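Open the model in your viewer and keep the selection tool at hand. The tour goes stop by stop.

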Amino acid sequence: MGIIERIKEIEAEMARTQKNKATEYHLGQLKAKIAKLRTQLLEPPKGSSAGGDGFEVTKFGHGRVALIGFPSVGKSTLLTMLTGTHSEAASYEFTTLTCIPGIIHYNDTKIQLLDLPGIIEGASEGKGRGRQVIAVSKSSDIVLMILDASKSDGHRQILTKELEAVGLRLNKRPPRIYFKKKKVGGFSFNSTLPLTHVDEKLCYQILHEYKIHNAEVLFREDATVDDLIDVIEGNRKYMKCIYVYNKIDVIGIDDVDKLARQPNSVVISCNLKLNFDRLLAKMWEEMGLVRVYTKPQGQQPDFTDPVVLSTRRVLG
Ligand SMILES: Nc1nc2c(ncn2[C@@H]2O[C@H](COP(=O)(O)OP(=O)(O)OP(=O)(O)O)[C@@H](O)[C@H]2O)c(=O)[nH]1
Ligand SMILES: [Mg+2]
């Protein structure tokens, strides 16, 4: 049986299992099993190069932003408008088939914007070009999730689920759990506050599932089993995501207002060139870039050529 089938089977078992105190440990174990299989799924197949068939483009500029979303939501249109680099846009789905980079000049910095093929439900399991798209998204500093304002908001949940399945955590911070594997000494479990989701036995069982018998675990918040699994897996990527609702020209003002008030969201229209300045400002803010202007001795600083630093990571 393939890995995907095994994941499906365990998911089905979880759906069949009632959620109560008695099944809590079993469900926790199943969650850990799925997480382990998903990690296996992410490992590149043996013998293949790490690159991913010419999909990856060289990093350029002071930061990288990936455009992800369902087909035909306007990703290519947005890239063309913000960067001037032409990316084919059309009314049929899957117009874009590869990764197309463009450069945004903003606040004296250069930001690399990546147009990507549309992804669909099942992308994390390799449907369409989902796996490659997700790999490129992981290599960027922030993600713009492009959504069609006239379609149901279910798309946002489906995409978030797909990205979670491959270890991306959007707009979340790492759980406050200290976890250290040891060579000897057994298992120690502590918490700085009362826990309502996880107890010592459950934690022990999860670690057992990972064949870890010596470890120190300290909960610094009332975290869940999923949080604990994330910490044990250790390969999760915590990223900022801006939800960009495009095509607001085709919906009513009340709906626009509702969407615009959601957290981390910006509403735009490529057709009417609406609200791009707000989008760029938000993007800039989330990237946490800082400009430093150097001043040569005895001269005025050059206010067009800053040194750009990131408050979130070391620039490569
Ligand atoms: N009404 C309206 N239509 C738009 C807007 N932006 C883009 N479109 C249209 O939406 C269609 C799809 O645009 P694309 O830019 O090709 O979409 P995409 O997300 O790159 O699609 P794929 O490459 O297939 O994933 C085109 O017909 C665009 O003209 C907008 O703001 N309003
Ligand atoms: Mg496209």
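Stop 1: Select the magnesium ion, ligand 2. In this predicted model, the ion is coordinated by OG of Ser76 and OG1 of Thr96, at 1.9 to 2.0 Å. Now colour by secondary structure. Ser76 sits in helix H3, residues 75-83. Thr96 lies in the loop between H3 and strand E2 (100-106). The two residues are 20 residues apart, and the pair links distant parts of the chain. Are Ser76 and Thr96 buried or exposed? Show the surface: Ser76 is buried, and Thr96 is buried too.

**Stop 2: a helix pair.** Select helix H1, residues 3-16, together with helix H2, residues 24-42. Their axes lie 10 Å apart, and the helices pack at an angle of about 160°. Angles over 145 degrees count as roughly antiparallel, so H1 and H2 are roughly antiparallel to each other. Their crossing is left-handed.

Next, show the side chains where the two helices meet.

- From H1, take Ile3, Ile4, Arg6, Ile7, Ile10, Glu11, Glu13 and Met14.
- From H2, take His26, Leu27, Leu30, Lys31, Lys33, Ile34, Leu37, Arg38, Gln40 and Leu41.

Colour these side chains by class. The contact of H1 with H2 has ten nonpolar, six charged and two polar residues.

Stop 3: Pick out the buried ones: Val225, Leu228, Ile229, Asp230, Val231, Ile232 and Glu233.

What do the buried residues of H7 pack against? Show the neighbours one by one. H2, from the previous stop, is among them. Helix H6 (200-209) is another. The strands are E5 (168-170), E6 (177-181), E8 (215-219) and E9 (237-246).

Step just past the end of H7 to Gly234. This glycine takes a positive phi of about 70°.

**Stop 4: the whole protein.** Zoom out and show everything. The protein has nine helices and twelve strands. Its C-alpha atoms fill a box of roughly 60 × 55 × 50 Å along the principal axes. Of the 316 residues, 43% are buried.

Methods:
Residues numbered from 1 in each chain as written. Chains lettered and ligands numbered in written order. Predicted model: local features only at pLDDT ≥ 70, side-chain atom pairs only at ≥ 80, totals over all residues. Heavy atoms only, no water. Donors = N, O, S within 2.8 Å, 3.2 Å for Na, K, Ca; no water. Helix = DSSP H or I, 4+ residues; strand = E, 2+ residues; numbered from the N terminus. Buried < 20%, exposed > 50% of the residue type's maximum accessible area, 1.4 Å probe, protein only. Axes fitted to C-alpha atoms, helices over the stretch in contact; angles between N-to-C directions. Parallel < 35°, antiparallel > 145°, perpendicular 65-115°, else oblique. Left-handed = near helix turned anticlockwise from the far one by under 90°. Contact = heavy atoms within 4.5 Å. Nonpolar A, V, L, I, M, F, W, Y, C, P; charged D, E, K, R; others polar.
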